Amino acid sequence: MSDTVKDTVKSSRGRASGGAPAPDGPSERPGATAVLRNTTLQQPRLPRWAPAALVGGSLGAGILIGVLGNLDSRIQWGLIAALIYLTATFAVTTAVEGRRQAVDRFAASLVWTSFVVAILPLASLLWETIARGIPGVSWYFLTHSMNGVLSWQEGGGIYHALLGTVQQVLLASVIAIPIGLLTAVYLVEYGRGRLAKAITFFVDVMTGIPSIVAGLFVLSMWIMMLGFGYSGFAGALALSILMMPIVVRSTEEMLKLVPGELREASLALGVPKWRTILKVVLPTAIGGITTGVMLALARIAGETAPIILLVFGSNMINANPFEGAQSSLPLFVYEQWAFGTEAAYDRAWAAALVLIAFIMILNLVARGIARWKAPKTGR
Amino acid sequence: MPATQTDSSPPGGLEPAPRRPSAVRPGDRIFSGLSKGAGITLLVIMAAIAVFLSIRAAVAISANEGNFLTTFEWDANASPPYFGIAVLLFGTVVSSVIAMVLAVPVAVGIALFISHYAPRRVAGTLGYVVDLLAAVPSIIYGLWGALFLVPQMTGLYSWLDQFLGWTGIFAYDNTPARSLMTVGILLAIMILPIITSVTREIFKQTPKAHEEAALALGATRWEVIRMTVLPFGRSGVISASMLGLGRALGETMAVATVLSPAFLINISLLESGGGTFAQNIASQFKEAGSMGRDALIASGLVLFLLTLLVNGAARLIIARRKEFTS
Amino acid sequence: MAKRIDVTGLTAFYGTHRAIEGISMHVQPKSVTAFIGPSGCGKSTFLRTLNRMHEVTPGGRVEGQVMLDNEDLYGPGVDPVQVRRNIGMVFQRPNPFPTMSIYDNVVAGLKLNGKFSRAELDEVVEKNLRGANLWNEVKDRLHKPGSGLSGGQQQRLCIARATAVEPDVLLMDEPCSALDPISTLAIEDLISQLKSRFTIVIVTHNMQQAARVSERTAFFNLAAVGQPGKLIEIDTTDRIFSNPSVQATEDYISGRFG
């Protein structure tokens, strides 16, 4: 066998030397690359402890300048330290390791710095909410309304707001989920041509609608034009407009992940298309779809703006979302903040904590489902 | 709906044809009709939003005694009503631009950190945390901004005033920092997780083959990122930024809680005053009469158009980018 | 400046798993050395330890010594970037940078190392595209994206890109496995030409290819799935294919397994 192989080699080599122009001989090299030749693999490098020392040194310098310069804001200290760190890193590496390495290290330290700069406010946000919120959260707080509690008084609770949020979010999802799911099915399974393109485009546009605009729309149509009053349902209408595009997008993504072979296998067995979609395609993607829907729920549960316009706010428990003003958790936070008294601030933080917890639980469950169902897509 | 049937012929063509001649099953017709109907409902809603907002806006604008675009006042409840969006447009654009300038570079930095710099385990957790932060409601950012961030900014602003006060833009009078700048910073913090989250996903999808090609040529980590990750992710970064910009433009609560509004345009970004569309709607709504509401709806329509513009621009950029790369 | 490679007692890990164990061999300068063996025997992993690409994989770790002439690639103070700069690599799938033109792809590595005049770059591009037998096909569209080429052309572009920085060694990881037979032949021709300038190491699944292009062949195998891959024998290609000293090699070559 190897003999025949060798023959092929010879013939192909012969062909090559005849055809293509011969490359430059090994001895001659153009000037451009000759400059590049590096005889050694060893490069002068900073010791391993250098980055840590730079971080420590610049932090120290930042604090020192802050204290000596009598700067009252910690933000200034941090900014000075970051600036010193970045310039020092660049200067030191340029001196020791050369320019390319310096740029590399500079980029790395910039990335690290931006990470720290960003994580601090976000950590502070969570910390403040938890630290200031925990004292106010109690069973009483969760099970009573604000009925008869004046803004400067202690006490009161968020039961009415919780009830409102849950009802509005559920109503919104009852409207938005079927429309969103079916639209996604249309786009992935049936949609061709101009209509599908238009829908895809407007779903994108809809994703970008500010929540307050959705609120204004329902206000102008439902309340001003059709003459209905403020109600939880009006709020739910606006929330459903915000929810639909999210559901469509995430469902679409998931349906696209379902392998075409699966559909073909089912169709080849003589199963009608609609049953294929219902029994094969949707169940395969159900994990991802659920995740998308829950993330959408979490998103709208925190919306305040349309609620201000449409649900109006109330201190009392109103269990009927179709009539009369209700409250909701985010709206409650806003109202309490607006009162501006210490007691109201405490309630605002406590309610904010409950709201965050509510949304985080939704998120965690959603991501749990995603992880649980994920391996099938093989990514 | 025979048209839809033939349109979807690739999988349909695999059916064992002889047993069932191409009769349209009622189940198929109902189901495809339903799903098509849902899609059309979406279109109808979008159209309705444009139509209803326009009708109310037309009522308000035709009654307006001031110039809708240039008037610096908002007396929509007076008779005759006298209002204009100049201040709101300025405030909305300025605060969003500040937010973008601050947030986009940092977001790209964090996304790179998570996708290429952080140790693998840390990166996984971080990605998770960023996603969770993206879900924190804006009212909570607002509460935190008003009660925690505003007092923190005073020192920084007097510093800026000291060094850059001469520009006028950074002049500061030591009043509480309820200014467009603070709003911009808060918006930046808010949209950071969203931009990061999208950007990181794109960066992570950079083909390993390209990164290895760069590495094998003797590129440093930064050079690998510059040669492969950034070009690959550019359109993703743009669309993520536009997503963030859309959020910033339409953000209501974080602005309403932090800004101390006034119908004037302040040269200094650090001093209070100004307003944004969304903030103005939320804070004026409860006092607004019938004409007042129509005026607010008119301003909402402008906001709507503004976000449409931003989204459209993003889409165009991405489409052009796609053409170039493929 | 083609250099020789001397490997002593090399073991590579993925996390705690040993992918290859105790490999020692010499690679001659200005010749082609082929690595053959069944799938999963670690020949690609071994190749990637030769330019420190293995440690890029999460959990990748290497023990042992790889001398490039007189320098240990894994010695203290050695910069992996410098190693990869001196030891080029061509991958299984052609991977030109999609956002760069053909021209920019060729000079991509060069541009990292400093500033060059347009004329110098032009010269390098022409020389290396000629060297990759690609010049005549692309000279009229140098500034079009490299992704517009056919698979075989893309792979030759990648070879031009690797040779443009004038490495000491060229590593090729199954460079033809994603290509059609005609493109494969073109690449094999190219390899035979390139060995006058570079030390070439090629991993291949295709034994005829190893026989056609290489002077020396190394056979890798693993005792069982989950066991680390080992070097069974290395010898001149003629001997490996006609008269190997180990039974397993003969079994593999004659198609009895793998």
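**Helices and chain contacts in a predicted model**

Guide: In this predicted model, helix α4(A) passes helix α5(A) in a right-handed crossing.

Visitor: Why are α4(A) and α5(A) called roughly antiparallel to each other?

Guide: The axes of α4(A), residues 74-97, and α5(A), residues 99-133, cross at roughly 160° and come within 8 Å. Angles over 145 degrees count as roughly antiparallel, and therefore α4(A) and α5(A) are described as roughly antiparallel to each other.

Visitor: Which residues of α4(A) meet α5(A), and what makes them a contact?

Guide: Among them, Tyr85(A), Leu86(A) and Phe90(A) in α4(A) meet residues of α5(A) that include Arg105(A), Phe106(A) and Leu110(A). They count as being in contact because the cut-off asks for C-beta atoms within 7 Å.

Visitor: How many residues of chain A are in contact with chain B, and which element gives the largest share?

Guide: On the side of chain A there are 79 residues in contact with 77 residues of chain B, and the largest share of the chain A side, 19 residues, comes from α5(A). That side of chain A divides into 54 nonpolar, 14 polar and 11 charged residues.

Visitor: What is listed for chain B under "transmembrane region", and what is the chain there?

Guide: The unreviewed UniProt entry lists several stretches of chain B under that name, including residues 180-198 and 295-318. In the model, residues 180-198 of chain B are 100% helix, with end C-alpha atoms 27 Å apart, and residues 295-318 of chain B are 100% helix, with end C-alpha atoms 35 Å apart.

Methods. Residues numbered from 1 in each chain as written. Chains lettered and ligands numbered in written order. Predicted model: local features only at pLDDT ≥ 70, side-chain atom pairs only at ≥ 80, totals over all residues. UniProt positions renumbered as here; feature names shortened; annotations may be inferred. Helix = DSSP H or I, 4+ residues; strand = E, 2+ residues; numbered from the N terminus. Axes fitted to C-alpha atoms, helices over the stretch in contact; angles between N-to-C directions. Parallel < 35°, antiparallel > 145°, perpendicular 65-115°, else oblique. Left-handed = near helix turned anticlockwise from the far one by under 90°. Contact = placed C-beta atoms within 7 Å. Nonpolar A, V, L, I, M, F, W, Y, C, P; charged D, E, K, R; others polar.
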